[in-house]
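Let's take a friendly walk through a protein model. Have the sequence and the 3D view ready.

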Amino acid sequence: MKWDDILLMRHELQLLAVILIVTCTEIYLTGKDKARVVPFAIALFTLHMVAGWIKPEEGMWFGGMFRTTPLIHMRKNILDLGVLIVLLQTAGWVKKQLVDENRVSEFYLLLWSSLLGMYYMISSGDLLMLFLGLELSTLPIAALAAYEVIRLRSAESGIKLILSAGLASAITLMGISFLYGSTGTYAIPELIKILSGTSLENLGFLFFFAGLAFKISLVPFHFWTPDVYEGAPTGVAAYLSVVSKGSAVFILMILLLGLTPGGMTEIWTWTLYVLAILTMTIGNLFALRQRNLKRFLAFSSVAQAGFILLGFFSTGPDGMASIIYFVLVYIFSNLAAFGVVHAISVETGKEDIGDYDGLYRANPLLSLVMLLAVFSLAGIPPLAGFFGKFFLFMSVASAGMYVLLFIAVVNTVVSLYYYLLVVRAMFLRKSEAPLAYFKSDAWMRASLVICVIGILALGVWSGVYEYIYQLCV
Amino acid sequence: MNILLLLLIIPALTLAGLFLSRGKQQPRVVAALGMGLQFLAAFYLLFSYLRERAQGNAADMLFTSSYDWYTPLNISLDLGVDGVSVALILLTSIVILAGVLISWQMEDLPKEFFISLITLGTGVFGFFICIDLFSMFLFYELAVVPMYLLIGIWGSGPKEYAAMKLTLMLMAGSAFLLVGMLGLYFFSSGPADEHTFNIMEIAASGIPVEMQRIFFPLTFIGFGVLGALFPFHTWSPDGHSSAPTAVSMLGGYGCFRVAIFLMPQAAAELSWIFIILTGFSVIYGAFGAIRQTDLKYINAYSSVSHCGLVLFAILMLNKTAFNGAILQMISHGLMTALFFALIGMMYERTHTRIVQEMGGLLKVLPFISACYVIAGLASLGLPGLSGFVAELSIFVGAFENPDTFHRFWTILSVSAIVVTAVYILRVVGTMLMGPLKEASHASLAPASWYEKTGALLLVIPIAGIGLAPLWLSDMIQFSLAPIMRQLGF
């Protein structure tokens, strides 16, 4: 074992160090002083994130169970970014609610453990490793969803998540055992060579896929999404919808594009074709009638997952690049929306779309951020979301699937309707009793500024996409 | 620096200035200054363009430049103009400046109003100066979305409904458009055999005919929705108000520049379907206008009829009709903007838009009423005003097609002019002439300086084009050469 090999696992080891430091620090703080953990944790994580960008290496460790490439580094960095924004958004809530209950560092411990699981999942060169990562990334989130145990809904959300996640894991494991049974190996590079497309292998893949589809909340594995998002603390819901989903998308890329070099097999193409249409359409249709903004964002994120699937149809590097780029754009847009919902819900406890009537006149800046966020989610130029969706559409068109493209584009119009409902409430409506003006804390404002910069700059400035594209070639 | 880039930078700086402005006075001054500057820049563009042409520069597109954007996908920002786009840029700059002026006394959220209006304007300018499909699509959508806020916040009547309907219908149009556009991209081959969005390169390489047959209807419908193509016109009566008139030009221009120019064979084959639809628009719009009593709806239906005429002319696929179509776009843009501006001014004073509730307004509001008469006469195609030149060219061009099918629909469409005369003159008669119907109308405030300036800005070109159309139509005719080449004439 060489020193260089340890550097390959840099992200994981760093994060582990951060977790241990933060947990140990809390021991020395008592009472109100525990609030100091928050800035300390954020500072440490920022350091970790910055260090993650240093010179990406390529290599394997533990006999191929762990592998990393610049592209994998990039994916981890993208997740880091999402987590950092979530940390900033939850800072105020942690200080307000958790310090008194003496549960501060546990929050970070759980959140980061789940991130650690995602790292291993993305880096795994082996199905067992992947499964371990998957479990590690899911279980802490269930605890987080139930973090506000006093609220019944939060507890319910935790139970729902753990039950559905347990089922999904069981199915995944079944899929892995099928694959192992038919090929005799767990190692992904060897699997690629042996796989011949027998029915058992396809069945195994399907089960395996089901577990991931649950995490991405593709239809018909999406039923847990709205309930869990609604009940979970808003920051945790944001984490679920962005980081957790992003990591599962990255795995799906490795699985579908990595295991089937030169394009997916026909079975997979049609499975994804149908799933993409179902996910987009059902997500959109259910989002139309939601009144609670967290449920609304949950269904909107189901629909967005359907759009992400579009990137899988292209055989070239543009498909892969468009997926990663979209996930990045989605992090900024969706977290901006969640941030605003979070700020308002922490301040006033209101989450209904009717409460947002006349928000612009009371709180212009917050409404403006929300406007940018929903327009970016809807794909309105010149915001980043437009470019993200456009490139996904391009990869469908490059595969010649114009019918799917048309259905997808029509779906964006449907989604525009419910995104405009939010704009309508904030800008067009006037309210007898609008939400009073308030100023959110500095952490929240910082997170929203990061999101807005991302939404505005990521599309117009092509550098990020080109960088991702180069890594994908 | 490329002069076309200037036309994008000025609105962008204006928007930045608007974001920083405060109160009621600052935003309108910033908006007026910015759009005034844009107006001058558009004239500068016109003179530079005419100078280039006078010096014998016969290139299809002038002032072209290409800025790399997403290089892996061969997406770049390609700028370039010909006579058609220069004329439309000029029109847009006039309409937007007039829009700023007549909204001078905006009480409710003035800063946001001007931001929305100028964002819309940026989209329209960008659409006209870009010659690559990606940027055109981007600017097209940029022009559509602010209309949601413009109509929803500052509109009148059932505005939430109208705003939502308009936005969704136009975005559904752009859904067709996106599919058509990506189809064009993936069946194009640029100079180095790569896919390209640049319309000149696509035109040079050509698209396989069987693909044209798929993508031509998609593209034409996509832009046609914005041009109030029957049966996708239903957003128009509800949604029309003074601000978005600049946008309705995009539809005709898009059909002309993208659908017909890039897919000429399919256009020739399939034009009959759309001739029927646009014929319907022309007649339906005219008869729809007769039945209305609300001024806004009268002019909105009239606008459906006129936009239909633009698309109808484009589908005639000959030079005279194309020329007429572009002139009609300009004339209609000026007229409709003027109509809605005047309706807004009247509504502000009388608080009604129902024709029967007003009467004898010519005595109390001489300036506004006179402008209304001018706009009305231009709309029914009186010689000496812009509408006449445009409609004459269109029908002469349409009659150049000798077959019965074209003749039949041309004659039907011409008859719409008579109907136009009915509803225009009836409104003028009831509302402006005769005795004063409402006693309270006797003391209405006369038009203020900004209203007069705004209206005059629109009246002068209407009369100007009517009296001296030749320079404009020469400029347009010259730039029709590439499309005629494409069509094989």
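Which residues have the most contacts inside the largest nonpolar core? They are Ala336(A), Val374(A), Phe393(A), Leu338(B) and Leu342(B), in a core of 371 residues. A nonpolar core here is a set of buried Ala, Val, Leu, Ile, Met, Phe, Trp, Tyr and Cys residues joined through C-beta atoms within 7 Å; buried means that 20 or more other C-beta atoms lie within 10 Å of a residue's own, with C-beta atoms placed from the backbone. Helix α14 of chain A (residues 317-348) gives this core its largest share, 21 residues.

This is a predicted model, where local features need pLDDT of at least 70 and side-chain atom pairs count only at 80 or more, while totals for chains, interfaces and linings use all residues. Residues are numbered from 1 along each chain as written, and chains are lettered from A in the order in which they are written.

Now for the meeting of the chains: 25 residues of chain B are in contact (C-beta atoms within 7 Å) with 24 residues of chain A. On the chain B side, α7(B) gives the most, with 12 residues.

Back in chain A, the axes of α14(A) and helix α19 (residues 442-460), lines fitted to C-alpha atoms over the stretch in contact, come within 9 Å and cross at roughly 145°. Among the residues that meet there are Ala336(A) in α14(A) and Leu448(A) in α19(A).

Here is the make-up of both contacts.

| Contact | Nonpolar | Polar | Charged |
|---|---|---|---|
| Side of chain B that touches chain A | 19 residues | four residues | two residues |

Terms used
A residue is buried if 20 or more other C-beta atoms lie within 10 Å of its own, exposed if 12 or fewer, and partly exposed in between; C-beta atoms are placed from the backbone. Helices (H or I, at least four residues) and strands (E, at least two) are DSSP runs, numbered from the N terminus. Two residues are in contact if their C-beta atoms, placed from the backbone, lie within 7 Å. Ala, Val, Leu, Ile, Met, Phe, Trp, Tyr, Cys and Pro count as nonpolar, Asp, Glu, Lys and Arg as charged, and the others, Gly among them, as polar. Axes are lines fitted to C-alpha atoms, for helices over the stretch in contact, and angles run from 0 to 180 degrees between N-to-C directions.
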